[in-house]
Amino acid sequence: MLKFEKITLDSTNLGCGSTIPDIQKPSAVPFFICDESVGEGEGGTFGTGMVASTLPYTMQNMYDRNFAPRQYDAAILENEYLRAEFIPALGGRLWSLYDKKMKRDLVYKNDSLIFANLALRNAWFAGGVEWNIGVRGHTYFTCDKMFARKVVGKKGNDILRMYEFEEIRGLAYCIEATLRDEKLLIRISVKNTRNEPTYMYWWSNIAVEETKDTRIFVPANKTFVTSYREGGYRISKIDIPMRDGVDISYARNSKIAIDYFYDVPKESKKWVSGLEKDGKGLLQCSDPILQGRKTFLWGKEPGGHHWNRWLTNKNETADMLIGGEKRDGVRDYLEIQAGLCKTQFEHFLIDAKAELTWNEEYFGIDIGTNEGDYNELCRKIDSHVPERLDNDDMFDEAEVEPITYFGCGKGYLEERLAGEKFYEKCDFTPESVNEAEKYYLDLLCGKESIGDDKTAFIYNKKWQSVIEAKSDKTFFDCYILGVNAYANLDYDKAYQYLKKSCELKKEYYNLASLGLILLNVRELFDEGYECIRDAVKLNPEYIPLAIKFGEAAIKCEKYNDFISFYDNGKTELQSNGRMKMYVGQCLVGEGRIEEAKKYINKELVVEDVREGEYAISNIWVMLYRRELAKKTGISEDTITDAEVLKAYPIPYAIDFRMH
């Protein structure tokens, strides 16, 4: 049975998307280095298909950490064995998979829905199963809506169909789910809508609870493992399960945050399982095309431990202020994952107009215990995996019901632009076109389109020629042309159009965009800073813009400008954690150490602290290096970071160092 209803979750507020385009340095793409343990040819595709910006997608960085009961549209599949809850408005996330016989959730069902900065667009949340497509990382849709409808199968079973259009790769994709006895069946279908090959990426990210006894099993005896460097990754290949005399199949044995990308032999069945001491837990298996398997662990060091709690414990802010002690009932998690490539450092090309389809199964198993010989237990688990996932008949449709939840309007606009229907499973409808997207619909209909929605970004280069064909282009036309050109790596054209837009009419968003091009692409720091300073004068209380002003002021060492701006800001701006962090850094830059301590301390809560971001700890070291130099009379230049941290340890509350 499938039903659509609202569920209430203890949740922080996601807020609106930012109106400031994500204009980064072109060199923002990470690098990948393989050591001698990686065989010849094994790392040849690492780094392929990477992108440096989220555009045309807006950044989702307006969330908070204020909890309240909030309602979400849900799709619930249920039979006598399982209850599966999906949230179409949040990327179709499988939020819960409850096994009625085992009386436990097979995936990690978070006690609260907590937004944090881990995804491509910033906002992300832990728990359940996330469906990642298109570009490496947590998908653009992880906190965005998908289309959802009910389909009745020929066998009389209810099927949940969720689908969307991914702009950067030009992919129409569909996630279908149904139940067969004790198994949740998933079918993924992806269509390249373009007339040329495009890069493809897919990983199903599965959160499971981590206890002191959790053990992860995969049919492999080798894994790729990463160590992190500033701006990139170093990749090695090691044996499993034993590493330096330690059994790393036990989650508890991971001291640091780490990824294991398993080298599953081609001839092996494709599965991964997380089991507790009693031998019970989740088994995920798939068709052979989904060859990759991975484990991600936060580890036990303060930063990784803090991240786990930051994402799962609604009381984490209060806990850290009293020392970060563990409270009863707080549950940690880890991730087991399945992907199209062996690692997440690579993409592969899908042919023009080609379609990919594969099956996944999620179900509970009981092998008695998870203790004993790793390989023997793997063979035992392997016996639960079918030789072939023969589920085609479960997805044969007899009746397709009307759309219950609508997604984004970009799929419909792209179909109108192309003059063709992309994919029979993906019904992109005019009802899905929102106010921002009507600008493009007017262009296609030959209407005069003024346009003023600040988030009406789009990716397809063909839109460039449609807008350029207008005889009298407005400031907004030039703005969209400039952002689109940047997204497609035409930086000179981006600069020219954004400059023209600002000449026609100055708005905070086109001035900010021009400033970011000057700062990050052209490296003209004074000119870029002036543009962003002028932009913030037009909208001084808009926090995403104020944050960009802080970043520009720090980069250009205009510390007093930002301190003055912050001091004159309203309460909402002054209470924002990132604003506090930046003003603290500016005060350190000005040598105003005692004032900086008012901001850089254990009470600082940066709501959108980013995974892998060392800004808080770096500022702490800068601040207390000066303090230590003053106290000891030793030159700042001769004091190491380690010496600073020994004398002044970073409080748990602001320690997010993962490595």
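Between which two helices is the loop that holds Tyr-423? The answer comes in point 1.

1. **Tyr-423.** Tyr-423 is in the loop between helix H4 (410-418) and helix H5 (438-445). Helices (H or I, at least four residues) and strands (E, at least two) are DSSP runs, numbered from the N terminus. Tyr-423 has a relative accessible area of 1%, so it is buried. Buried means under 20% relative accessible area, exposed means over 50%, and partly exposed lies in between (1.4 Å probe, protein chains only). Leaving aside neighbours within four places in sequence, Tyr-423 is in contact with Ala-172, Ser-189, Val-190, Lys-191, Glu-355, Thr-357 and Glu-415. Contact means heavy atoms within 4.5 Å. Tyr-333 is 90 residues from Tyr-423 along the chain, and their C-alpha atoms are separated by 37 Å.

2. **Ground rules.** This is a predicted model: local features need pLDDT of at least 70, side-chain atom pairs count only at pLDDT 80 or more, and totals for chains, interfaces and linings use all residues. Residues are numbered from 1 along each chain as its sequence is written, and side-chain values use heavy atoms, with hydrogens and water left out.

3. **Helix H7.** Is H7 enclosed or open? Of the 13 residues of H7, 13 are buried, so the helix is largely enclosed by the rest of the structure. The expected span of a helix is 1.5 Å times one less than its number of residues. After H7 comes Leu-489, with a positive phi near 70 degrees.

4. **Helix H8.** H8 covers residues 491-504, and its 14 residues should span 20 Å. The end C-alpha atoms are 20 Å apart, which agrees. Which residues of H8 are buried? They are Ala-494, Tyr-495, Tyr-497, Leu-498, Ser-501 and Cys-502. Their cover includes helix H6 (462-468), helix H7 (475-487) and helix H9 (508-521).

5. **H12 against H14.** Helix H12 (residues 559-567) packs with helix H14 (residues 577-589) at an angle of about 140 degrees, and their axes are 9 Å apart. Axes are lines fitted to C-alpha atoms, for helices over the stretch in contact; angles run from 0 to 180 degrees between N-to-C directions. H12 and H14 are therefore oblique to each other. The classes are: under 35 degrees roughly parallel, over 145 roughly antiparallel, 65 to 115 roughly perpendicular, and the rest oblique. H12 contributes Tyr-559, Phe-562, Ile-563, Phe-565 and Tyr-566 to the contact. H14 contributes Met-579, Lys-580, Tyr-582, Val-583, Cys-586, Leu-587 and Gly-589. By class, the contact has 10 nonpolar, one polar and one charged residues. Here Ala, Val, Leu, Ile, Met, Phe, Trp, Tyr, Cys and Pro count as nonpolar, Asp, Glu, Lys and Arg as charged, and the others, Gly among them, as polar.

6. **Ala-596.** Ala-596 is in helix H15. Its relative accessibility is 0%, so Ala-596 counts as buried. Apart from neighbours within four places in sequence, Ala-596 is in contact with Gly-584, Leu-587, Val-588 and Leu-623. Ala-596 and Glu-503 are 93 residues apart in sequence and 39 Å apart in space, C-alpha to C-alpha.

7. **Asp-608 and Asn-122.** Asp-608 is in the loop between helix H15 (593-596) and helix H16 (615-632). At 10% relative accessibility, Asp-608 counts as buried. Not counting residues up to four places away in sequence, Asp-608 touches Tyr-63, Asn-117, Asn-122, Arg-578 and Glu-613. Asn-122 is in strand E8 (residues 122-124). Asn-122 is buried too, with a relative accessible area of 4%. Its phi is positive, about 95 degrees, although Asn-122 is not a glycine.

8. **Glu-523.** Glu-523 is not a glycine, yet has a positive phi of about 55 degrees. Glu-523 is in the loop between H9 and helix H10 (525-538). With a relative accessible area of 45%, Glu-523 is partly exposed.

9. **Cis peptide bonds.** Where are cis peptide bonds found? One joins Leu-55 and Pro-56, with omega about 15 degrees. Pro-56 lies in the loop between strand E2 (31-34) and strand E3 (68-78). Another joins Ile-240 and Pro-241, with omega about 10 degrees. Pro-241 lies in the loop between strand E18 (232-239) and strand E19 (242-243).
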